[in-house]
There are 2 protein chains.
Amino acid sequence: LDRSPVDQVLEKVRLAVTRGDWDVAVALVEGLRPPDQADLFSDLPPVTQDELLPRLDSEDSADILEELEEEAAAEVATRLELRALARIVDEMEPDEAADLLGDIPSEQATEILSVMEEADKVRPLLDYPDDSAGGLMTSAKVVLRGPHTVAQALHHLREVAPDSEDVYYLFVTEEDDRLVGVVSLRQLIVAAPTALVRDVMDPDVIHMHADADREEAARVMARYDLLALPVVDTAGRLMGLITHDDLVDVLEKEATEDIYRLGGIAGEQPTDFAIRGALWTRLPWLVLNLGTALSSAAVLSMFEDTIARVAVLTAFFPVVAGVSGSAGTQTLTVTVRLLALGEISRKDALAGVAREVVIGLTNGVAIGALIGLIALLWKGTPVLGLVVGVATLLNLISAGISGALIPLAMERLHLDPALVSPVLVTTITDGFGYFVYLGLATLVLSTLV
Amino acid sequence: LDRSPVDQVLEKVRLAVTRGDWDVAVALVEGLRPPDQADLFSDLPPVTQDELLPRLDSEDSADILEELEEEAAAEVATRLELRALARIVDEMEPDEAADLLGDIPSEQATEILSVMEEADKVRPLLDYPDDSAGGLMTSAKVVLRGPHTVAQALHHLREVAPDSEDVYYLFVTEEDDRLVGVVSLRQLIVAAPTALVRDVMDPDVIHMHADADREEAARVMARYDLLALPVVDTAGRLMGLITHDDLVDVLEKEATEDIYRLGGIAGEQPTDFAIRGALWTRLPWLVLNLGTALSSAAVLSMFEDTIARVAVLTAFFPVVAGVSGSAGTQTLTVTVRLLALGEISRKDALAGVAREVVIGLTNGVAIGALIGLIALLWKGTPVLGLVVGVATLLNLISAGISGALIPLAMERLHLDPALVSPVLVTTITDGFGYFVYLGLATLVLSTLV
């Protein structure tokens with residue numbers, strides 16, 4: 001989306017603020033959609049933010065705090081006066097309010113809760129970790145009771161008068177709050193008014209336990225095209241709902257996490273450009289990489305004599321190690337992604353490894369023959385060509401095996417396949433590649449010198 | 001999601017089929033949810049699939065064809081008898097029907113369309129490429145007219161009697177089909193019956209041109225939390241809607257595409273385990289990698305004399321080239337992901353490069369000092385330690401610059417940053433690393449021998 005319309009409004013807001021014309025600034029901001037309001041807001045200096053936010057309608061302020069990046073929202077909130085902040089948090093969606101309160105100092109959060117009107121809706125949401133289904137859910141706005149009649153249920157709906165967005169699915173509980181079914185508005189309308197809700201509803205309702213992983217909840221919502229997913233506690237009581245806007249957020253966060261981990265960046269995704277955070281998520285990984293590079297260095301050291309006698313061997317290091325490293329990364333990438341998408345079942349796993357061996361063998365024959373030929377033509381030594389070609393072939397097979405086997409083993413060990421596998425695969429393709437190549441070269445040394 | 005419940009039903013279906021008890025098999029399949037039906041169906045042998053599908057309710061058959069992977073659905077459809085297929089396609093969502101007809105032989109598609117009842121809804125959708133907003137949209141089920149009264153609009157709604165899923169947003173057009181606004185059911189209900197729809201509606205409606213990229217459409221839906229996004233032609237006429245289920249599909253496809261491209265796998269994502277497809281998407285990339293490895297080989301060849309005289313130098317190749325390669329991949333990964341998420345604007349770009357230079361410098365000092373020390377302690381040669389350390393420092397800075405600059409340049413050239421950048425960055429970190437390291441070593445050769 002082109003940001004320029006927002007940038008134009010930003011200029012006008014800045015001008016109005018400079019003139020001290022807050023009414024104009026407020027009107028300009030309130031004319032935007034929430035994500036655009038948040039974009040504009042985050043481009044203002046903190047002192048202007050603090051002046052502007054309490055002047056906005058509480059609903060607009062709440063929208064802005066919901067749409068800002070988490071750390072930015074917490075910073076803004078921490079600077080606000082207690083009553084002003086409580087008024088805004090009262091207007092936020094309960095799940096967003098809980099996330100914000102979890103990000104600010106806990107004494108401040110406690111004080112806010114003590115003066116909030118909607119504290120009862122937010123407090124239960126604070127008990128669950130961010131990466132669980134419970135951490136994603138918001139409190140359900142409309143819940144029907146199984147023992148009620150259809151007429152009572154419709155009366156209740158008119159009283160609550162929910163937005164149409166909140167009535168895609170109407171979840172049904174028994175008196176003890178156990179989730180027992182789901183019913184649509186249309187089913188209620190066509191049913192006899194004296195029928196019981198529990199006789200009209202569909203008892204087969206997809207749900208999730210509060211302590212399930214948020215990614216699992218997102219996968220279920222995506223698979224079954226759900227706009228809302230009910231969350232229950234261990235006793236089966238309805239605790240809240242995960243709504244469709246969270247689905248997209250979770251899928252993007254999980255994709256970003258996998259992309260970053262495959263790219264050798266650990267920890268939370270950097271949401272800003274802070275250098276300190278970047279160093280913290282990258283340097284440890286580079287040091288780990290240094291360790292694995294030293295294991296290759298140890299292999300190379302073993303063959304120093306061979307290298308000193310046939311220095312031409314080194315020219316093909318980048319080929320033997322590099323191309324196999326790329327092939328290992330390819331296999332690894334496919335395996336990690338298919339695991340993340342839930343497309344590899346246990347029975348597929350062995351077939352997948354076998355398949356990667358065949359691919360490694362085929363690519364190995366093709367690339368090995370090609371590089372052997374190049375080595376022969378370039379350096380004019382048939383034996384060198386043979387050594388380079390055979391080493392490449394063997395290392396591409398090892399790349400296929402390790403690229404498939406390592407992430408599958410990590411998954412089996414309940415470790416994230418995206419996190420540790422890339423380093424291990426590179427270590428193996430590098431170390432094994434140098435060992436096979438220089439080992440073969442040493443065996444035929446007499447013909448190379 | 002645990003697949004075992006589906007696997008249990010699968011066993012029972014297989015048993016029923018063996019006994020020729022089709023009624024039981026049909027009842028078992030019809031008791032599942034569509035994604036589970038499709039999972040079970042795809043595990044059956046083709047001959048059973050062909051017997052089962054026409055026996056199912058058309059709606060269930062349609063659900064299965066919608067949920068199967070595209071190629072699998074096309075294969076099944078191609079084997080079906082014409083009238084049976086037409087009956088099923090008539091029950092599919094228009095966008096899914098259009099996708100399927102685009103995947104089967106065109107004569108068969110034309111015949112199907114000629115006997116379909118819903119052909120008019122599907123035909124206009126066939127004109128747009130798969131990766132455009134038009135290729136994602138489905139025909140709108142309920143459209144209100146601006147010049148009608150609220151009473152007329154509500155009467156029309158009762159006549160069409162849409163599912164509650166189809167009335168989150170009611171889009172409004174003028175007589176010439178131009179999209180002019182959006183209205184909610186609630187706004188209609190509280191408005192005066194004699195008011196005109198165009199006076200009640202919100203005229204500020206987010207929409208997308210049919211030829212826009214599907215990823216752009218998905219980004220807009222995700223940003224503004226839309227459940228449906230109207231698509232218009234160049235004259236502003238409403239052509240159809242993109243619905244929320246497509247949003248998740250597109251975001252996952254685009255994330256997979258980026259992950260695969262960063263992992264060195266070109267082309268469409270492999271949806272099955274076919275070896276031929278895997279070779280086709282990987283081998284060309286390995287050959288390209290071979291080319292870049294040869295450029296490093298050329299650099300190494302320049303320094304053959306130095307290597308022959310100081311073979312110990314080779315032990316640190318994996319460190320100088322490998323660690324910098326990892327750092328380049330880190331920078332590249334962050335830059336590509338932030339570009340994909342639309343979080344880098346033009347003004348950020350230069351700051352981003354500057355930031356990566358600082359990170360490269362800082363990491364370079366840390367890693368360079370560490371590796372220099374290791375080289376000194378391991379090989380007992382202070383000058384070697386200095387050469388390794390300085391080369392690593394310089395190459396980490398070059399990794400930061402190339403890792404940030406190359407994807408930004410690709411984006412500016414309207415090329416996919418995920419596609420070509422990884423190979424280029426690796427080529428630079430490898431080639432530059434060897435050149436600096438061996439160049440420095442050659443300069444101080446007399447002290448090393």
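Rings of Phe, Tyr and Trp (its six-membered ring) are taken to pair if their centres lie within 6.5 Å, with planes under 30 degrees apart counted as stacked, over 60 as edge-to-face and the rest as tilted. On this criterion the structure holds 11 aromatic pairs over all chains. The model is predicted, so that local features need pLDDT of at least 70 and side-chain atom pairs count only at pLDDT 80 or more, while totals for chains, interfaces and linings use all residues. Residues are numbered from 1 along each chain as its sequence is written, chains are lettered from A and ligands numbered from 1 in the order in which they are written, and side-chain values use heavy atoms, with hydrogens and water left out.

One of the pairs is formed by A:Tyr169 and A:Phe171, whose ring centres are 6.2 Å apart and whose planes stand at 45°, so the pair is tilted. Both A:Tyr169 and A:Phe171 are buried, where buried means under 20% relative accessible area, exposed over 50% and partly exposed in between (1.4 Å probe, protein chains only). For A:Phe317 and B:Phe317 the centres are 6.0 Å apart and the planes are at 75°, so this pair is edge-to-face. The pair joins two chains, because A:Phe317 lies in helix H19 (residues 317–340) of chain A and B:Phe317 in helix H19 of chain B. Helices (H or I, at least four residues) and strands (E, at least two) are DSSP runs, numbered from the N terminus. A:Phe317 counts as buried at 0% relative accessibility, and B:Phe317 counts as buried at 0%. Ring pairs link A:Phe317, A:Tyr434, A:Tyr437, B:Phe317, B:Tyr434 and B:Tyr437 into a cluster.

Helix packing was examined next. Axes are lines fitted to C-alpha atoms, for helices over the stretch in contact, and angles run from 0 to 180 degrees between N-to-C directions. Angles under 35 degrees count as roughly parallel, over 145 as roughly antiparallel, 65 to 115 as roughly perpendicular and the rest as oblique. H16(A) and helix H16 (residues 244–262) of chain B pack at an angle of about 5°, with axes 11 Å apart; the two helices are therefore roughly parallel. In this contact (heavy atoms within 4.5 Å), residues of H16(A) including A:Leu247, A:Leu251 and A:Ile259 meet residues of H16(B) including B:Leu247, B:Leu251 and B:Ile259. The contact of H16(A) with H16(B) has 12 nonpolar, no polar and two charged residues. Here Ala, Val, Leu, Ile, Met, Phe, Trp, Tyr, Cys and Pro count as nonpolar, Asp, Glu, Lys and Arg as charged, and the others, Gly among them, as polar.

H16 (residues 244–262) of chain A also packs with H19 (residues 317–340) of chain B, at about 160° and with axes 10 Å apart. H16(A) and H19(B) are therefore roughly antiparallel. On the H16(A) side, A:Glu252, A:Ala255, A:Thr256, A:Ile259 and A:Tyr260 meet B:Thr333, B:Val334, B:Arg337 and B:Leu338 of H19(B). These residues divide into five nonpolar, two polar and two charged.

Within chain A, helix H15 (residues 214–223) and H16(A) pack at about 120°, with their axes 9 Å apart, which makes H15(A) oblique to H16(A). The residues of this contact divide into six nonpolar, one polar and five charged.

In chain B, B:Leu10 is placed in helix H1 (residues 4–18) and counts as buried at 4% relative accessibility. Beyond its neighbours within four places in sequence, B:Leu10 is in contact with B:Leu40, B:Asp43 and B:Leu44.
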